[in-house]
Amino acid sequence: MRSLGPILMVIAALIALWYAAVPIMNIKETVTQLERGGAQVVPASAQERRDAGHVGLVAQNSFAIPATFAQERPRLPAPHQVGAELWDGVVGKKITSKRSLVYHGWITLSATLLGFAIGAGLGILLAIGIVHSRVMDKSVMPWAIVSQTIPIIALAPMIVVVLYSAGLQGLFPKAVISAYLSFFPVVVGMVKGLRSPDAAQLDLLKTYNASTSQGFWKLRLPASMPYLFASLKIAIAAAMVGAIVGELPVQGGGLGNRMLTGSYYGQTIQIWSALFAAAILAASLVALISLIQRGTLRRMGLV
Amino acid sequence: MIYLVVALAIWLALWALNTRLANGPSADTRVVSLAIPLIFGATLLIIWELVVRGLNVPLVILPPPSLIAQTFASQTAILWADFVQTFIKGALTGYVIGCAAAFLTAILVDRYALLKAGLLPVGNFMAALPIVGTAPILVMWFGFDWHSKAAVVVVMVFFPMLINTVAGLAETTAMQRDLMRTYGASYTQTLAKLRLPVAMPFIFNGLKISTTLALVGAIVAEFFGSPTLGMGFRISTSVGQLALDMVWAEIVVAALAGSAFYGIIAAIERGVTFWHPSQRT
Amino acid sequence: MAAPDLPVISASALDLTFQTGDGPVHALKDVALDIHKGDFVSFIGPSGCGKTTFLRCIAGLEQPTGGTLSVNNMTPDEARRARAYGYVFQAAGLYPWRTIARNISLPLEIMGYAKSDQAARVERVLELVELTGFGGKYPWQLSGGMQQRASIARALAFDADILLMDEPFGALDEIVRDHLNEQLLALWARTQKTICFVTHSIPEAVYLSTKIVVMSPRPGRISDVIESTLPKERPLDIRDSPEFIEIAHRVRDGLRAGHADDA
């Protein structure tokens, strides 16, 4: 395993940088607030302050620095503020509460997982079809490749609204977007994997007069596993993005919805905590797939 | 009903045509390999058109391709303005800044072992995250105009580009490095004459992945606030007005822009990495 | 430049120990050898005998852990910086994004030769290795033997007096190898270079060398040094002469002796 030391150092440096940025980002609003509260600030006129540089303001009003870390709606919340909100959202609220991050996280997670399962399943099936049918290969494969260059996510709001007007709402529309986004990486990766056995390996099976399905189960499928898992990791991250973006146009909750409402009402701490919750969730999902990958490949003797 | 029958007939006929082409003697020629997917695409469009007409699908669910084409043709001014706002100003600016920043960072990271050991795992981790979620924050910081969209794009393309470049710079073999040492080559000479050329296929891989991410970032960021133009803005407002033909027209623009952008980068790649086994034909 | 009686490369009591997870590995132990100007020295031995390691020490690519080693009366590292030698690896290692000519001018660019001088030198060494006219081709358009010849041209381009060759023909088939051996001898006769040549082929070592250094493993050391009695002029069929067979026999004996105390 790689040593943790340098990683922790970089993370510590990033957090330090973050803390250092907080006063600079928040100084204007803080100074204005403190002035309203009767404090002496430099320069005194709002006009001059507007034109002043952030760093200069921090230097001139060093007494205001502690307050920059405790703003209610900071431009940049301090790490501990985000951490506290995250902790409060996960542990401090009942999971049925609309303010619980577990509640919103579950909404996003369930859409992600359902969409991922549908998308990956269909992707694997299409890949099998493509590998075994020349006409499907020639007709569909170019589009599968081209589709990866298209920002499919632009479809998300439309899919949600169209499915809504067709009477479908809640989990399903988001899952459709997630499925759509996770579908193509799986198709492309799986086709590559199923085609990865080289000519000598295929010839060997031919000398045994093996059937197509024997060739599939005994050679192509096992050979495709490393490719499949690599694309599943991309797919689940894409599914998560799909679920989050799918939550933007509707009021049903979820981490994407938390971000959007947070940005409407200037609740920056809420945005950041939702963002971190999404990041942790995505990282866990990718880690989970890595774990399954390692287990599977080890059982197959590939690692 | 008649539409559906015709649709089915056309599907069967064109699929049969494709099957013959794909299994025919000239299947691997350039023309046929191009014709087959085009026929397939055309089949889908025709079926779409006929099914929408045949079943009288409401326009608010799925407009027929002919209507989308009409809208596209009649609204070119709006579509062009949206394209300039979202693609040229937002996506392209962010793409250039993000990729350049990631490239320079990669060279730094590669130079210092400590940075490599620490920053690379963090970068790998970041590349898998839903970075598009930073959009509301960046929109708040940089305002509604294209600057915030460019900022989202910078953040989105940075990590994939960084990881690919660092991987590429590590791609030299021990023998290639030894050769440079026998010449007493300096760090910059080794970088310019050996490591950057070796890294090019990886760098272009990062650049290609980033083309799609740039468009995604620029469009999604507009869902969090934008001036009254832009592809993402048009999509979300047109969805609200149930003007789905306009939404589809914007999606066509996005698809064309996305694949053209990717195609241009891929063409440059072919020119630069003509020597790589994957490019030799 | 070294006087004729002074050795060009001189090693004494040379030790190199790698620290590995399984304890120290003695790659070289107490190696002493003098190589004079114009010598063609082959290093032969089973894998792990340190022949490549010794060559890399001469090149300043490995640091000995004990003893002394001088190249042109300098330390190997100084010699490397003074560009005292050209190094040919087992694989041609040509850069696929450069033409043959541009590959050969790579060391010249790094060493700061003038553009016009570069072109003239490239032409000259291309002729030396019989590749005139192939300068505009890319490496992947050439056969393995031609690629290896180009890599020799690359090592010759900057006029170093010493040529270090690490199994340069090891990956080529026998027919191509014979041809290149012949060419290499002709090139050596024309250029008067000092050549150090690592190989695991007995006929190759005997055919090419004025001096054959037989090495044995664990620890890597020199077990025999054989001065060749063959004439300088060597047609390919010299390999059927009794003299040739006699020397080959001695080399084989030396190799077997090295293996004996291995058991």
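A salt bridge here is a side-chain nitrogen of Lys or Arg within 4 Å of a carboxyl oxygen of Asp or Glu. I kept that at hand while going through this predicted model.

**Entry 1: charged pairs overall**

I searched the whole structure and got 23 salt bridges over all chains. Side chains of opposite charge can pair when their charged atoms come close. I picked out a few pairs to look at one by one.

**Entry 2: a pair in chain B**

I started with Arg195(B) and Asp110(B), which form a salt bridge with their closest N and O atoms 2.7 Å apart. This pair links distant parts of the chain: Arg195(B) belongs to helix α9 (residues 187-222) and Asp110(B) to helix α4 (residues 76-111), 85 residues apart. Are the two partners buried or exposed? I found Arg195(B) buried, at a relative accessible area of 12%. Asp110(B) is buried too, because its relative accessibility is 11% and the cut-off for buried is under 20%.

**Entry 3: a pair within one helix**

Next I turned to Arg181(B), whose side chain meets that of Asp178(B) in a salt bridge at 3.9 Å, N to O. Both residues sit in helix α8 (residues 174-182) of chain B, three residues apart, or about one turn of the helix. Asp178(B) is buried at 9% relative accessibility, whereas Arg181(B) is partly exposed at 33%.

**Entry 4: a pair in chain C**

In chain C I looked up Arg124(C) and found a salt bridge to Asp159(C), with 3.0 Å between the closest N and O atoms. Arg124(C) lies in helix α5 (residues 115-128), and Asp159(C) lies in the loop between α6 (144-156) and β6 (162-166), 35 residues away. Arg124(C) is partly exposed at 38% relative accessibility, and Asp159(C) is partly exposed at 36%.

**Entry 5: where chain A meets chain B**

How many salt bridges cross the interface of chain A and chain B? I found zero by the rule. There are four residue pairs in polar contact across this interface, both residues at pLDDT 80 or more. By class, the side of chain A that touches chain B has 40 nonpolar, seven polar and four charged residues.

I also noted the extent of the contact, which takes 51 residues from chain A and 50 from chain B. The area buried between the two chains is about 4300 Å², with carbon and sulfur atoms giving 82% of that area. Lys138(A), Thr149(A) and Met158(A) supply 14% of the area that chain A buries against chain B, more than any other three residues.

Note on methods: Residues numbered from 1 in each chain as written. Chains lettered and ligands numbered in written order. Predicted model: local features only at pLDDT ≥ 70, side-chain atom pairs only at ≥ 80, totals over all residues. Heavy atoms only, no water. Helix = DSSP H or I, 4+ residues; strand = E, 2+ residues; numbered from the N terminus. Buried < 20%, exposed > 50% of the residue type's maximum accessible area, 1.4 Å probe, protein only. Contact = heavy atoms within 4.5 Å. Buried area = accessible area lost by both parts, 1.4 Å probe. Polar contact = N/O pair within 3.5 Å; in protein donor to acceptor, adjacent residues only side chain to side chain. Nonpolar A, V, L, I, M, F, W, Y, C, P; charged D, E, K, R; others polar.
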